[in-house]
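These are my notebook entries on a structure I went through, taken topic by topic.

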Amino acid sequence: MEIQLWRELLDPYQLAVDELVLKFSHMISEFRNSNKYSPIEQVHGRVKKISSILDKMQKKHISMEELEDCIDDIAGVRIICQFVEDIDRVVDIIRKRSDMEIKEEKDYITNMKDSGYRSYHVIIWYDVQTFDGPKRIQAEIQIRTLAMDFWATIEHSLQYKYKGNMPEHIKDKLSSASNAIILLDTEMSQVRDEIMDAQNMFQVKAKIVSDILINIQNLYRVANKREIVKIQDEFFSVYSTEDIEKLDRFSKQLDIISEGYRAQSLY
Ligand code: 0O2
């Protein structure tokens with residue numbers, strides 16, 4: 001097939017990847033903006049390279065006509081979570097969405113692949129709008145932890161290097177590294193609550209500080225300089241106590257002061 005035709009074929013897949021990455025990234029912001037823990041840590045996407053599509057077509061004896069039906073990962077999205085427990089939450093979120101219809105789920109976490117690969121795959125039907133009208137395409141969402149992703153990335157590059165002839169001693173090393181990853185994920189799950197608490201505190205503090213700074217910035221336009229300097233000094237002193245409750249109280253006081261100025265300016 002000519003390059004131009006490949007471009008036309010892959011265009012809707014690029015659109016799907018862009019839209020899906022945007023939607024999942026927005027979910028991260030939604031969780032964080034409402035001071036909630038996000039089960040999604042990172043999201044990436046890619047359209048499969050033409051060379052990889054051709055390799056897969058050859059390996060699975062897929063014709064050009066069957067391509068879009070038989071290869072379900074032309075559009076691929078990878079969702080990275082911190083903890084194994086988050087994976088189920090992400091799968092639930094996908095199941096409940098009305099813009100993604102699940103075609104198939106592959107649980108390579110319960111059923112680890114012989115290579116040691118672990119990940120949860122969800123194949124979805126996803127509608128994109130092209131200038132020819134709507135098009136329903138397949139996309140693969142891979143959901144895995146940071147640790148699983150680290151292993152899969154290394155193993156994938158080695159697979160590429162050895163092209164199906166991976167030496168036994170490397171396979172053994174990868175297999176024991178995969179077991180170490182299982183252990184690491186289990187240990188991390190045991191301190192999940194503590195880690196989540198610490199991260200939540202950090203998010204909350206960052207949000208309060210950002211609110212305070214926005215308020216101070218706005219006050220520069222309306223309040224007199226002496227008052228601003230006083231407020232800033234007070235902020236630094238409260239901030240240095242590292243006490244979130246004090247910081248929160250200070251932020252609320254500042255809200256009242258700002259509100260007062262807003263009311264005055266209305267008159
Ligand atoms: P790339 O380069 O990532 O695009 P199936 O017919 O369902 O058995 P299929 O369609 O290959 O076979 O699906 P499968 O096995 O679920 O794999 C889909 C994708 O999962 C792969 O795409 C990889 O990205 C990833 N994957 C599956 N097995 C492994 C593995 O052992 N190691 C690593 N690192 N990744 C794996 P591609 O097309 O192989 O590659």
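Which residues does R144 touch, not counting residues up to four places away in sequence? I found R78, I79, I80, C81, I87, Y117, R118, S119, D149 and A152, where contact means heavy atoms within 4.5 Å.

Before going on, I noted that this is a predicted model, in which local features need pLDDT of at least 70 and side-chain atom pairs count only at pLDDT 80 or more, while totals for chains, interfaces and linings use all residues. Residues are numbered from 1 along each chain as its sequence is written, and side-chain values use heavy atoms, with hydrogens and water left out.

**Entry: R144.** I located R144 in strand 5 (residues 133–145), with helices (H or I, at least four residues) and strands (E, at least two) taken as DSSP runs numbered from the N terminus. R144 counts as buried because its relative accessibility is 2%; buried means under 20% relative accessible area, exposed over 50% and partly exposed in between, with a 1.4 Å probe and protein chains only. Its side chain is joined to that of Q142 by a polar contact of 2.9 Å, that is, a pair of N or O atoms within 3.5 Å, where within protein one must be able to donate a hydrogen and the other to accept it, and residues adjacent in sequence count only if both atoms are side-chain atoms.

**Entry: aromatic rings.** I counted five aromatic pairs, using rings of Phe, Tyr and Trp (its six-membered ring) with centres within 6.5 Å, and calling planes under 30 degrees apart stacked, over 60 edge-to-face and the rest tilted. The pair of F235 and F236 is tilted, because the ring centres are 5.6 Å apart and the planes stand at 40°. F235 also forms a stacked pair with F250, at 6.2 Å centre to centre and 20° between the planes. This pair links distant parts of the chain, since F235 belongs to helix 8 (residues 225–240) and F250 to helix 9 (residues 244–266), 15 residues apart. I noted both F235 and F250 as buried, and saw that ring pairs link F235, F236, Y239 and F250 into a cluster.

**Entry: charges over rings.** I found K113 over the face of Y108, at 4.8 Å from the ring centre, and K163 over the face of Y160, at 4.8 Å from the ring centre. The rule I used asks for NZ of Lys or CZ of Arg within 6 Å of the ring centre and within 35 degrees of the ring normal.
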